[in-house]
Amino acid sequence: MSMQFTYLNPTKIFFGQGQIAAIASSIPTTTKVLVVYGGGSIKANGVYQQVAAALENHQWCEFSGVEANPTKETLDKAVAIVKEQAIEMILAVGGGSVIDGCKYIAAASHYDGDGWDILTGQHQVSSATLLGAVLTLPATGSESNSGAVITKAATQDKLAFLSPFVQPQFAVMDPDVMKSLPERQLINGLVDAWVHVCEQYLTYNHGHMVQDGYAEVLLRNLLTLASQYDQRDNDQWRENLMWTANQALNGLIGSGVPHDWATHMIGHELTALWHVDHARSLAIVQPSLLRNQIELKRGKLEQMGREVFRLDSGEQLAERTIDAIEGFYHSLNVPTKLTEHNGDKAAAINLVLEQLEKHGMVALGETQAIDLTQSRVILENAIA
Ligand code: NZQ
Ligand code: ZN
């Protein structure tokens, strides 16, 4: 595979303590701003107050209540506000859900039809309201990428869209905001970032040394941060997680290499059906998926075993690497089997397969090798 790509990441990053103040000079004071946030954690931890202080000379209003795994039903209310009040810039203050939700709001507010058409591909985004982000949970990389994942609650569909028009203009990444994160969310961030690197690295051998080497650095960082989890209340630990999670999905390591994303696509169905946290859906699917795809991925699994886990070469290295990945999740007390489905395993598998088929997820993975038959095998081993 020859290396060929076009790469641009236009999001300006303000990284470090106190950087929320940088919003003030990043948005012209004549711009009408809508500040969007989630369930209110930003009011308890002082982030809202810092944003309000930075916007004291701006004209702004707010929309709150964007839920984890944001729904189009909620977001459409904000789309109406943007249209009615001629909002010129949306400021997302939150984790991946709020930022993704704002990407939908930004694109849907430039479209007369139902915003869900963007997720089904019936509408191609060709313009959007400008977007800025204040990240409060390092995990998804959404703060400086062009992707978003949105749920339609009515039909339990969780779908993604990509558009350069919704890439944030700027992203504030102040590691101090992490101090109020519940442990569950901190761990989710470690796991999500880990799987993002894997989706772009654990494919087949292509010999692109920068992408592989950089991916391995990010994986080793996450492994180190997990092993130093007792130091999580320390500035350096927080800075390193925030920057690593961003780099895991800002487009760089994925440039010019094959991508997998099958774990994410199957995981999204578990979240849509049973509200499994995004990161936890990945830990449930990935070990089983890697065991199912081991022959296609053997070379890369062996490389990961040597370069990330520092395993001895020799017999069954790929198998031992998958065990080590599973061990990484268990070390964080993250389960690798689905238990949220009320016990009826056969019914749960059929339900996921129906949803995958409905969403056209019938040839997943870097070589499209995961059809519904393989997904069934993966789910047999992933569901308790
Ligand atoms: O609602 P609030 O008050 O904001 O509380 C949130 C929420 O309850 C809370 N939280 C966030 N920052 C906090 C905080 N609590 C205390 N202190 C803080 N500083 O954490 C909870 C979870 O937040 P959420 O935004 O849902 O988490 P995450 O960042 O993990 O985002 C998950 C969503 O991103 C999508 C997922 O599918 C899921 O919908 N993804 C987006 C991607 C992208 N755009 O590139 C890629 C990912 O693979 C992923 O699919
Ligand atoms: Zn993810």
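This is a predicted model: local features need pLDDT of at least 70, side-chain atom pairs count only at pLDDT 80 or more; totals for chains, interfaces and linings use all residues.
Residues are numbered from 1 along each chain as its sequence is written, chains are lettered from A and ligands numbered from 1 in the order in which they are written, and side-chain values use heavy atoms, with hydrogens and water left out.

## Salt bridges

A salt bridge is counted where a side-chain nitrogen of Lys or Arg lies within 4 Å of a carboxyl oxygen of Asp or Glu, and by this rule there are 18 salt bridges. In one of them R238 pairs with D235, with 3.0 Å between the closest N and O atoms. These two residues are separated by about one helical turn, because R238 and D235 stand 3 residues apart in helix α9; helices here are DSSP runs of H or I with at least four residues, strands are runs of E with at least two, and both are numbered from the N terminus.

Other bridges reach across the chain. D114 forms a salt bridge with K72, the closest N and O atoms being 2.9 Å apart, and this pair links distant parts of the chain, since D114 belongs to the loop between α5 (96–108) and α6 (116–120) and K72 to helix α4 (residues 72–84), 42 residues apart. K72, D76 and D114 are linked in a network of salt bridges. Likewise, E183 forms a salt bridge with R232, again with the closest N and O atoms 2.9 Å apart, and the two lie 49 residues apart, E183 in helix α7 and R232 in the loop between α8 (209–227) and α9 (235–248).

The table gives the accessibility of the partners.

| Residue | Relative accessible area | State |
|---|---|---|
| D114 | 35% | partly exposed |
| K72 | 10% | buried |
| E183 | 39% | partly exposed |
| R232 | 25% | partly exposed |
| D235 | 36% | partly exposed |

Distant parts of the chain are linked here, as D192 is in helix α7 (residues 183–201) and H264 in helix α10 (residues 262–274), 72 residues apart, and both D192 and H264 are buried.

An unreviewed UniProt entry lists residues 187–360 as "domain: Fe-containing alcohol dehydrogenase-like C-terminal". Over residues 187–360 the chain is 68% helix and 0% strand, with its end C-alpha atoms 31 Å apart.

## A hairpin

Strand β6 (residues 147–152) is joined by 6 bridges to strand β7 (residues 157–162), and the two run antiparallel; strands count as paired if DSSP finds at least two bridges between them. G147 stands opposite L162 in β7. The hairpin has 4 residues between the strands, and within the hairpin Q156 takes a positive phi near 55°.

Definitions and conventions. Buried means under 20% relative accessible area, exposed over 50%, partly exposed in between (1.4 Å probe, protein chains only). UniProt positions are given in the numbering used here, feature names are shortened, and annotations may be inferred rather than shown by experiment.
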